[in-house]
Amino acid sequence: MPAKVKGATDHVVVVGAGLAGLSAALRLAGAGRKVTVVERESVPGGRNGLLNKSGFAFDTGPSVLTMPDLIADALACVGEDLKDWLDLIPLKPLYRAFYHDGSQLDVHADTNQMQEEIAKSISPAEAVGYGKYVDFVTKLYKYEMNDFIDRNIDSPLNLLTPNLARLIALGGFRRLAPKVNQFLKDPRTQKVYSFQAMYAGVSPQQALAIYAVIAYMDSVNGVFFPKGGMHAVPRALAGAAEKHGVVFKYNTTVTSLERSNGRATAVITDDGQRIPCDVVVLNPDLPVAWQDLLGGQPRSIKRLKYSPSCVTLLVGSNKSYDHLAHHNIHFGKSWDGVFDELIKKKTLMSDPSILVTVPSKDDPDLAPAGKSSYYVLFPTPNLSANIDWKVTAPKYRDEMIRALEARGYAGFGAGIEVEQLTTPLDWQNQGMEQGAPFASAHTFFQTGPFRPRNLAKGYENIVFAGSGTQPGVGVPMVLISGRLAAERIVGPVK
């Protein structure tokens, strides 16, 4: 059995109402614990934030929702049904990919439909290769989910299971790009089924093939959009938690933990409250939680390497474009070079690959009548790079608009009515180590059992949740991390 916190567990304080904190809170409430959530913002969500500006409602964090079963699972812990809390729209296509040669490819979850699309747009042989690739990632997901993602791991010895042998035999521990290229021969399909590695903070050339599970989670399992925007997810989780007795203290910042004999005994807030507790779940970025609340980072945390960062531009516009889907990926001509620039050289992309999401396309209520909202993401190096964002930000914003206009967004700059730019410096100011919203990179020795554990070493009753701990980064992973945190307190949650 995985290790658990020691002592009483009657009252748990969750610091931070991010998705992981909310997932933990629901499970703890369902297991009969008294739960208090302390959140510095006025709304739940953490990185999954909300910005209202001149009639536009923007999501400030993740824009891609996959694996809604994990949300349903968290709600079921308190006897609630997903459909009573969220209206999820399945996106068709999941993505529209645009390439430098002018071609495009719609990505569908339905394997037959995708095979038809690839046969028509690329070649019948490539469609056959895609079918084999789907078989590969589906097996990968099955072997990996139960043993490596969806459980607490205390030691690499916990990995010695029959599924480890199956993963090795499948080639899960080889590099992702060559593995994808075994099945897919066209650079267009290779890119669309390996770009997800960037969310894990590594290039497809360096990532382990097991990260193809991220491609499975969206490109095979489907991508959804919640009515009301991505922020509807934390609102639903917090609403259900509150209905079942979880107490939320918003606009309240935890400034310190009261500790005695290796135990946290209370949290202290900026408005002078002392909240006694039996267990603390820390949802802030793990290295920041160590630094700010636990008296400094252990050496193992200081040594972590971080994912690339990104700049996002949220735009409310009077312009719309008929050729767009909900999620649009514009791949530059350079591919390997982009990752070299971001990760090795730590410079800005000379030939950017860009994600543009158009939330108002599927939910017009997110923008005033006749207007459109855009979420534009450019990957950039994190703050370990020699870039002064105070100086660079305005110039880079103009560069982003130029790049968009060159990629088919005619008059984009002129159509802007409201905008919000977020740079790595802003991410750092929001509490993300090295300005990296994708947390520590999923290199081999920062993956699975080697990722920072969710039990705070040296403390009997402090648990971490969020992307900095196991299992890792992304909305599905942080929802799972909330469950794993709860299991450290109450054991397996059914």
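Student: Which residue just after α1 takes a positive phi?
Tutor: Some ground rules: this is a predicted model, where local features need pLDDT of at least 70, side-chain atom pairs count only at pLDDT 80 or more, and totals for chains, interfaces and linings use all residues. Residues are numbered from 1 along each chain as its sequence is written, and side-chain values use heavy atoms, with hydrogens and water left out. Helices (H or I, at least four residues) and strands (E, at least two) are DSSP runs numbered from the N terminus. Just after α1, the phi is about 85 degrees, and the residue is Gly32.

Student: How far apart are the end C-alpha atoms of α1?
Tutor: The expected span of a helix is 1.5 Å times one less than its number of residues. For the twelve residues of α1 (residues 19-30) that should be 16 Å, which agrees with the end C-alpha distance of 17 Å.

Student: Is α1 mostly covered or uncovered, and how many of its residues are buried?
Tutor: Buried means under 20% relative accessible area, exposed over 50%, and partly exposed in between (1.4 Å probe, protein chains only). The buried residues of α1, among them Leu22 and Arg27, pack against elements including β1 (11-15) and α16 (475-490), where contact means heavy atoms within 4.5 Å. The helix α1 is mostly covered, the buried count being eleven of twelve.

Student: Is Ser123 buried, partly exposed or exposed?
Tutor: Ser123 is found in the loop between α4 (111-121) and α5. A polar atom of its side chain lies 3.1 Å from the backbone nitrogen of Glu126. Its relative accessibility is 23%, so Ser123 counts as partly exposed.

Student: Why is one side of β5 and of β6 left without a neighbour in the sheet?
Tutor: Two strands pair if DSSP finds at least two bridges between them. Three strands form an open, antiparallel sheet in the order β5-β9-β6. One side of each is left without a neighbour because β5 (65-66) and β6 (88-90) stand at the edges, each with a single partner strand.

Student: Which residue in β9 is the bridge partner of Thr66?
Tutor: Two bridges join β5 to β9 (residues 223-226), and these strands run antiparallel. In β9, the bridge partner of Thr66 is Val223.

Methods
Polar contact = N/O pair within 3.5 Å; in protein donor to acceptor, adjacent residues only side chain to side chain.
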